[in-house]
Amino acid sequence: MASGKLIVLTGPSGVGKGTLVRALLNRHPQLYLSISATTRSPRQGEVEGNDYYFLSKSAFESMIEQDQLLEWAEYAGNYYGTPRAKVEEKINQGLLVLLEIEVIGAKAIKNSFPDALRIFILPPSIEELEYRLRSRKTDSEAAILRRLDRAKEELAVSDEFDKCIINDDLEIALTQLEKAIFSD
Ligand SMILES: Nc1ncnc2c1ncn2[C@@H]1O[C@H](COP(=O)(O)OP(=O)(O)OP(=O)(O)O)[C@@H](O)[C@H]1O
Ligand SMILES: Nc1nc2c(ncn2[C@@H]2O[C@H](COP(=O)(O)O)[C@@H](O)[C@H]2O)c(=O)[nH]1
């Protein structure tokens, strides 16, 4: 079977990557979403193996040592990384594999998957990003401020990616994402 392809969605926390990915998977169930590992504690409603693999710091570090992660990064005081085996298996089966990850990891993917399509999701404004982070009500004030600080650094490198999509109107952003994945 022909080799599949890796599609990386990145951009600042709160921009709507997860919202776009859920909508995309609803419309295109043939896509495979990689489940990340993290040392962050589960939020209310998050399910092990569905939202993330929630690991201790030592378990995560042991995955790094054993080269079991395709990429990883430290983000807002925790580790996040993409387990390698499943992604390679699904790509070899010819599937389109989606990663939803932060910017440092998305840049690093270029080394192992030079053909990956890396899409940067932008907010309409930094004020709207802050509004989305706050109205989501999943993070403490300190965590929101850390994420906004990081967002400013991330937005400064958006032009290093293959494509940028502004997530203002969700439906328009979704259509642009579908076009980038399926027809470009
Ligand atoms: N186009 C949009 N217009 C208005 N609100 C939106 C839009 N897209 C997403 N949102 C809202 O913004 C908030 C953040 O979205 P989401 O959790 O998908 O962001 P994210 O980029 O996945 O964040 P993280 O990287 O932290 O996982 C959610 O409350 C979501 O409903
Ligand atoms: N480099 C990676 N970043 C990842 C991965 N999985 C998720 N993320 C990103 O981390 C931040 C914070 O996520 P949150 O769930 O705590 O809000 C966000 O930008 C995610 O996209 C990963 O495997 N590698």
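Which residues of helix 1 and helix 7 meet? In this predicted model, local features need pLDDT of at least 70 and side-chain atom pairs count only at pLDDT 80 or more, while totals for chains, interfaces and linings use all residues. Residues are numbered from 1 along each chain as its sequence is written, and chains are lettered from A and ligands numbered from 1 in the order in which they are written.

On the helix 1 side they are Thr19, Leu20, Ala23 and Leu24, and on the helix 7 side Leu170, Ala173, Leu174 and Leu177; contact here means C-beta atoms, placed from the backbone, within 7 Å. Helices (H or I, at least four residues) and strands (E, at least two) are DSSP runs numbered from the N terminus. Seven residues of this contact are nonpolar, one is polar and none is charged. For these classes, Ala, Val, Leu, Ile, Met, Phe, Trp, Tyr, Cys and Pro are nonpolar, Asp, Glu, Lys and Arg charged, and the others, Gly among them, polar. The axes of helix 1 and helix 7 (residues 170-182) lie 10 Å apart, at an angle of about 65 degrees.

Then there is the pair formed by helix 5 and helix 6 (residues 141-155), whose axes come within 11 Å and cross at roughly 150 degrees. Axes are lines fitted to C-alpha atoms, for helices over the stretch in contact, with angles from 0 to 180 degrees between N-to-C directions. Helix 5 and helix 6 are therefore roughly antiparallel, the term for angles over 145 degrees. Leu129, Glu130, Leu133 and Arg134 of helix 5 make the contact with Ile144, Arg147, Leu148 and Ala151 of helix 6. That set splits into five nonpolar, no polar and three charged residues.

Now for the ligands. Around ligand 1 sit Ser13, Gly14, Val15, Gly16, Lys17, Gly18, Thr19, Arg132, Ser135, Arg136, Asn167 and Leu170, a residue being near if its C-beta atom, placed from the backbone, lies within 6 Å. Helix 1 (17-27) and helix 5 (126-136) each give two or more residues to this shell, which holds two nonpolar, seven polar and three charged residues.

Ligand 2 has 14 residues around it, with Ser36, Tyr80, Ile101, Glu102 and Gly105 coming nearest. Strand 5 (69-75) and strand 6 (78-83) supply at least two residues each, and the shell comprises four nonpolar, five polar and five charged residues.

Terms used
Angles under 35 degrees count as roughly parallel, over 145 as roughly antiparallel, 65 to 115 as roughly perpendicular and the rest as oblique. Two residues are in contact if their C-beta atoms, placed from the backbone, lie within 7 Å.
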